[in-house]
Amino acid sequence: MRQWKKRIYSFILILISLVHLVPFYILLTMAFKEKADLSSKWLFPGYLYLDNFKNAWQSANLGRAFINNIIITVLATLCIILLSSMAAYPLSRRKTKLNTFIYTAIISCMIVPALTILVPLYKIMADVGGISTYWGIIAVHVTFMLPLSTFLYTGFIGTIPRELDEAALIDGKSRLGVFYTIIFPLLKPITATVIILCGVNVWNDYQYSVFFLQSTDMKPITVSLNSFFSMYQSQVNWLAAGCLMASVPLIIAFLLLQKQFVKGLSSGAVKL
Amino acid sequence: MKIQPKALLPCIPGFERGMLMRLKKMLNSKGIVNIMYIPVILLFVSFIIYPLIKGIGISMTNWNGYSDASTYIGLENYRKMFADRNFFLIIKNTLIYGIGSAVLENVVGLLYAVLLDKKSKAVGFARTAIYLPVIVAPLIMGYIWYFMFEPIGGAVNDILIAMGLESVDLLTKGTTTVWIITFINSYQYVGIAMMIYLAGLQTIPADYQEAAKIDGASSFQNFVYVKIPLLLPSITVNVVTNLIGSLKLFDIIVAMTNGGPGYSTQSLSTMMYQLYFGKQDAGYAAAMGIFMFCSIAVISVAVLLWFRKREVDA
Amino acid sequence: MKRRILSIILAACMCVGVAGCSGSGETEQTDEKGSALEGSISIYTNCVGVQAEIIQELTDEWMKENPGVTAEVVAPGADYENVMKVKMSSKDMPDIFSTHGWANVRYVDFLLPLNDMPWANDIESTFKELISDDEGNLLVLPIDQNKWGLVYNKDVLEECGVEVPLRTIDDFMAALEQIKTASNGEIAPMHIAGGDSWPLGQIFDQLATPAFTTAENNDQEALLNGTFDWNKWTDFSEMIKGMYDKGYFNEDIFTAKYADSAEAFATGKAAFCWYGNTIVEEAEAINPDVNAGLQPLPAFYEDDDMSFLNGEQTAFGIWKDSENIELAKSWLNFMAKGENVKKFCESESMLPGIETDVPVDVGFATEYYEEFADIRSFPIFDRAFLPNGMWDLMCKDAADLFTGTISAEQYSLDMQNEYERLLEAGE
């Protein structure tokens, strides 16, 4: 009986996993097919064909795009971590009326639809010379990711006992020093969460990049790949190949950080 | 050699001893930590709040989106919006995208979490598999599902045909298509909800469940009366964030149907985009954006307060 | 330790910031005295694929000829128009940009008059007026031109026993029916990639020319001065809706993408397409043996003759506030050279937009342009007769009309309202 139950359980697990892997499977079959091969997307071709990867890499200049993505994602994520963990400290430790208001205001910014403010935002960026620069797009990404990350950090710092701060203060640390020396090192798990949630968003962004990164040399991966599917051109097999290549770094990052990621979400930190 | 900053202070013109004291006091006052959020506030004011206010200004003009000329027309754009033949269809679609995704993601996410709240290799694999779609760019996810649903050569129709059924064009079925897109959005992001619930489940002290078991509760009762109330904070977070995200849904719609055919699968955000770039009616687009901002705010705050009340009761 | 890492990170962020700043600042320098050109320019184009590559190649050659200059070609593809609108609204234009048919209406305030350019008198005359401003100043360099007719798959028509040219719209309707019956519904008489939305407008836009502008007794004046009777649009759209109801379009008309049209055309599953000559290039990539033909648009009225549509396709203008006007002019002159125009046009089987001393071979279209050399050309309907901004509505409402969501009267009413709003906003 027990054995039987266990089998059903494993069967369900496998089924669910397969369902969620379908997109990757379809990407795989498409990535290995020639353009003229119109067989079902469920079938792998009976031949080995790697040109899609080569063409996608060369034609979309994916090498350059990868470098752009890495620079933008790494720096943006670092800024997000720094700025929001810093902001979260007073917001979670000193719940004055002012701070509660500011916390609410920051979280509310999650609601603002990007399109509503796109044009004024573009104008500001153009005025300060931020179009097609790394710092420009990083500033935009950081701003739009801050509500989420500040929320996560504020919740997490709330679970760290205040006694730690007080003990450090008695030891003669300055109030700001307490954050950097005592609190910041404890934020590892939630930082993994922030890296995964925000980093993935930045890496995959299309909406902002298409407007704020116009120069060819600055294009990130999603924008480059989208050109395979534009008005007068359709290279779906290249798109599939490029998409697979683009997800590899993310999959690796996720696998590496997975444990910390879950840890960061737990301990009752994620609370509105 | 190290120069003591203190030693230099008397050189500053207008320096008095009292100032140093005040500076020291300020640095050690409790409020000093507040300076740590100033960078965030600055970013928000310049990149979100200021553009938002400008957006409100634009919504009261007939600006075409690129020229210098525009006239103030008051609330005309808002009047036009409510008189628009397609407006209520778009609202309906947006609500399906938003509420539908929030419900689906949470119900399925919670089920997955309960199912996978164990430790084994298979469970680890399943968790990773469920989470993986999250890391695909939503635009590309939309394309993938477009390939699945294409009426000719689409993967779903291949299955239907193999089963001896007629192929159907699921991307042109109006409200059904809206639900399909909702389903796909939920499918992609259910992993995040699951992870948050898994984390929530781990914080439930084991003795609570033991106690329930001793009282003779079935595992279903245990779930409903012990786990759910304790998971309420996680549920609140999930529901509210999913709601906000899905009410703004954009990329997947663009990739799968581009809001079409006609206006049948438009949401507020795709409509806004088309008004701005397609119809060159930037004033109207801005009005719709402001409307969207306000309605998402109202809906999410209402839902938040509703759950908060339950949390307190629980 | 932690603090050190932090400060390194901060410093790194700052460096990137500073580098970004200087990167964008260092561009503008022109040697005004002028023997050797110096500086850098940016060129934005809506071209994609092969044509974008050719522009890049030619730009590289131009840079080789002028060692002091650098140029960046930006081709955002489907996002081009959106990017340009955002750039226009913040007065942040590239030195040179494509105007894709909207030189006078949309971009006129940003364009430098090009009357004194050496090639200014060699422009194709049918559309020269449309790429000049109201005072007659030439605004852009048109490299190629669309001479749009009805593109068909020759083999399919032969197989179904349809004889071309189809001189009237009735002949055309009869041909559609014949293709449908002769192929047992296997072949789509017309293929439209409605999943991309814009191809749906294409058939309305192209047939509107013979319907409203080519006959002796036409509506050109009324359309331009705002007195057009939109009831005529009701009849017109009902006729096209009739084609839909009779099943003359591909089954997946609302989901198919442009590539699907090309595929259907290439594999003999579609007879007619509404994309002009470009579809043939795309189809040849799938099936090199595809046999394409071209004829002018059929006439709507008895006393009228067939017609071609004609307009510039890839045209470049210079931003009037550019700090590199000399460089930009040099680039345009380079592009206008005979062999460069030839290279560009032949990659897409299109006629050149300016006369040069180097003949251009337009591939499959050559014999047809010769055969129909006497047929008149008219400007593209929406560009010449509708205010800027109606295209999107035209496509969206077409879909709603086909699916039965709205009536033809509603379509006309929507068109009329939008037409009046845009005319008013334009003044």
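This report covers the fold of chain B and the sheets and selected helices of chain C in a predicted model.

## Basis

Local features of this predicted model need pLDDT of at least 70, side-chain atom pairs count only at pLDDT 80 or more, and totals for chains, interfaces and linings use all residues. Residues are numbered from 1 along each chain as its sequence is written, while chains are lettered from A and ligands numbered from 1 in the order in which they are written.

## Chain B

Chain B has 14 helices and 0 strands; helices (H or I, at least four residues) and strands (E, at least two) are DSSP runs, numbered from the N terminus. The radius of gyration of chain B is 27 Å, well over the 20 Å that the globule rule gives for 314 residues, so chain B is more spread out than a compact globule. This radius is taken over C-alpha atoms, and the globule rule is 2.2 Å times the number of residues to the power 0.38. Along the principal axes, the C-alpha atoms of chain B fill a box of roughly 90 × 75 × 45 Å.

Of the 314 residues in chain B, 49% are buried. A residue is buried if 20 or more other C-beta atoms lie within 10 Å of its own, exposed if 12 or fewer, and partly exposed in between, with C-beta atoms placed from the backbone. Among contacts in chain B with a separation of 6 or more, 69% join residues 24 or more positions apart; a contact requires C-beta atoms, placed from the backbone, within 7 Å.

The mean pLDDT of chain B is 85, with 93% of its residues at 70 or more; pLDDT is the predictor's confidence in each residue, from 0 to 100. Within chain B, helix 1 (residues 5-8) has the lowest confidence, a mean of 59, and helix 5 (residues 87-115) the highest, at 94.

## Chain C overall

Chain C contains 17 helices and 13 strands. Its radius of gyration is 24 Å, close to the 22 Å that the globule rule gives for 427 residues, so chain C is as compact as a globular protein of that length. The C-alpha atoms of chain C fill a box of roughly 75 × 60 × 50 Å along the principal axes.

Buried residues account for 51% of the 427 residues in chain C. Of the contacts in chain C with a separation of 6 or more, 73% are between residues 24 or more positions apart.

## The five-stranded sheet of chain C

In chain C, 5 strands form an open sheet in the order 2-1-3-11-4, with mixed pairing; two strands pair if DSSP finds at least two bridges between them. Strand 2 (69-74) and strand 4 (140-142) of chain C are the edges, each with a single partner strand, so one side of each has no neighbour in the sheet. The twist averages 20 degrees from one strand to the next. Angles run from 0 to 180 degrees between N-to-C directions, and axes are lines fitted to C-alpha atoms, for helices over the stretch in contact.

Strand 1 of chain C has 5 of its 6 residues buried. It runs parallel to strand 2 of chain C, with 6 bridges, and C:Ile41 stands opposite C:Ala71 in strand 2. Strand 1 of chain C is also parallel to strand 3 of chain C, through 2 bridges, where C:Ile43 has C:Ile96 as its bridge partner. Strand 3 (residues 96-98) and strand 11 (residues 315-318) of chain C pair antiparallel over 3 bridges, and C:Ile96 is partnered there by C:Ile318.

Helix 2 (residues 49-65) of chain C lies across strand 1 (39-44) and strand 2 of chain C, at about 175 degrees to strand 2. Strand 1, helix 2 and strand 2 of chain C make a right-handed β-α-β unit; right-handed means that, with the strands pointing away from the viewer, the path from the first strand over the helix to the second runs clockwise.

## The four-stranded sheet of chain C

A further open sheet of chain C has 4 strands in the order 7-8-6-9, again with mixed pairing. Strand 7 (188-191) and strand 9 (292-295) of chain C are at the edges with a single partner strand each, so one side of each is left without a neighbour in the sheet. Neighbouring strands of this sheet are turned by 25 degrees against each other on average, direction ignored.

Strand 6 (residues 150-153) of chain C runs antiparallel to strand 9 of chain C, joined by 4 bridges; C:Asn153 stands opposite C:Ala292. Helix 10 (residues 258-266) of chain C packs on the sheet, touching strand 6, strand 7 and strand 8 (270-273) of chain C, and its direction makes about 130 degrees with that of strand 8.

## Helix 3 of chain C

Helix 3 (residues 80-89) of chain C has 7 of its 10 residues buried, including C:Tyr80, C:Val83 and C:Met84. The buried residues of this helix pack against helix 5 (114-127) and helix 10 (207-212) of chain A, together with strand 1 and strand 3 of chain C. After helix 3 of chain C comes C:Lys91, with a positive phi near 55 degrees.

Definitions and conventions:
Two residues are in contact if their C-beta atoms, placed from the backbone, lie within 7 Å.
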